[in-house]
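Please look over the structure below before reading on.

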Amino acid sequence: MNRKGHFMLTHAITADPALEFAAEVRAGLTAAGQKELPSKYLYDDVGSALFEVISVLPQYGLTRADERLLRRHASEIVEQVPGSVAVAELGSGSGKKTRWLLKALCRRQHVSYFPIEISPTALAMCERELGDIDSISIVGFEREYLDGLLEVAARRRDGQNLLVLFLGSTIGNFDRSAATKFLCEVRGILRPGDSLLLGTDLEKPIPQLLAAYDDPLGVTAAFNLNLLARINRELDADFVLEQFEHAACFNPQARSVEMRLRSRREQTVSIPRADLMVGFLEGETIWTESSHKYSAAEVSQIAGSTGFSCKAQWIDQEWPFAENLLVAE
Ligand SMILES: C[S@@+](CC[C@H](N)C(=O)[O-])C[C@H]1O[C@@H](n2cnc3c(N)ncnc32)[C@H](O)[C@@H]1O
């Protein structure tokens, strides 16, 4: 069968995303101690577009390493996932790199592909990017990861295995214990024999890591500051962007690059839709994202403790990065 791909979008069912955003902003900015904002809110229209630019920056070798591995080993990877397979992708973004895997799988069968994204912009990019593959149907889910995966699992046909993709080292945005819990939850939705292809960025020299998250063009800074701009747009806040600056630092205990927004002066910001006035001291920061780095052996060990076994790993030598094929036990 050689059917041209088609695309459908399942819209968000969240009660009121604006209320949820306001509640999380309020909770994060009134927390005792370090102020925080959840990294998932970095990806509105502007943030998703800026992330695409980050992925081609010379300093951000991560996406290219991920893509090199998928391009070089796509046939081998899909050979390790036997039977009839449906593909779900957590946080697909534009889905560019996924093309290699889907094309390899489409040589063997018609493929149902389910990208799961909170960003409608990213889902739309994914449709444009992959909709031309022969013999594919795409059904996008505008959902949080686990809500989307539950819906995909409920749609699987008898005898069909699921291949879940979690690429780009997005797992690194969870701290280590939350990553373990998340993998357990994913495993709880899967059946024995299903697979998870997990991309993980590996440890590398600190200057190389810091340059990847603080590029000289200032694209990552714009990506980070856009979170405040988003709060201005959606919650009527009055953040003056020039009075905050992007900062990236390496936390050696957590083995993580942390992105923050630092207040350049003492100031008060009003966020009417979150019913909040929030004060900042000069130099005070908001923690917006962490990117944890792994060793290849550690990923295999985490797989074992979360109900998976690590069947294969492919490692990029140019920019240490691992593609890990985990099979649900
Ligand atoms: C770091 S980007 C990676 C994109 C792509 N997988 C890649 O490797 O280039 C993370 C993606 O996950 C999406 N995302 C973040 N948090 C999410 C959540 N809780 N549920 C669903 N999607 C999420 C974002 O919108 C973004 O497109």
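## Nonpolar cores

In this predicted model, the largest nonpolar core has 65 residues, and among its members Leu 29, Val 87, Leu 197, Ile 231, Phe 239 and Ile 271 touch the most other members. Such a core is a set of buried Ala, Val, Leu, Ile, Met, Phe, Trp, Tyr and Cys residues joined through side-chain atoms within 4.5 Å, where buried means under 20% relative accessible area with a 1.4 Å probe, protein chains only. Leaving aside neighbours within four places in sequence, Phe 239 is in contact (heavy atoms within 4.5 Å) with Leu 29, Leu 228, Ile 231, Asn 232, Phe 244, Val 269, Ile 271 and Phe 280.

A second, separate core holds 31 residues, including Phe 141, Ile 171, Tyr 294 and Phe 308.

## Overall form

Of the 329 residues in the chain, 54% are buried. The C-alpha atoms fill a box of roughly 60 × 40 × 35 Å, taken along the principal axes. Among contacts between residues at least 6 apart in sequence, 74% join residues at least 24 apart.

## Surface

The chain exposes about 14000 Å², of which carbon and sulfur atoms supply 54%; these areas come from the Shrake-Rupley method with a 1.4 Å probe.

## Basis of the values

Residues are numbered from 1 along each chain as its sequence is written, and side-chain values use heavy atoms, with hydrogens and water left out. Because the model is predicted, local features need pLDDT of at least 70 and side-chain atom pairs count only at pLDDT 80 or more, whereas totals for chains, interfaces and linings use all residues.

Conventions: Buried means under 20% relative accessible area, exposed over 50%, partly exposed in between (1.4 Å probe, protein chains only).
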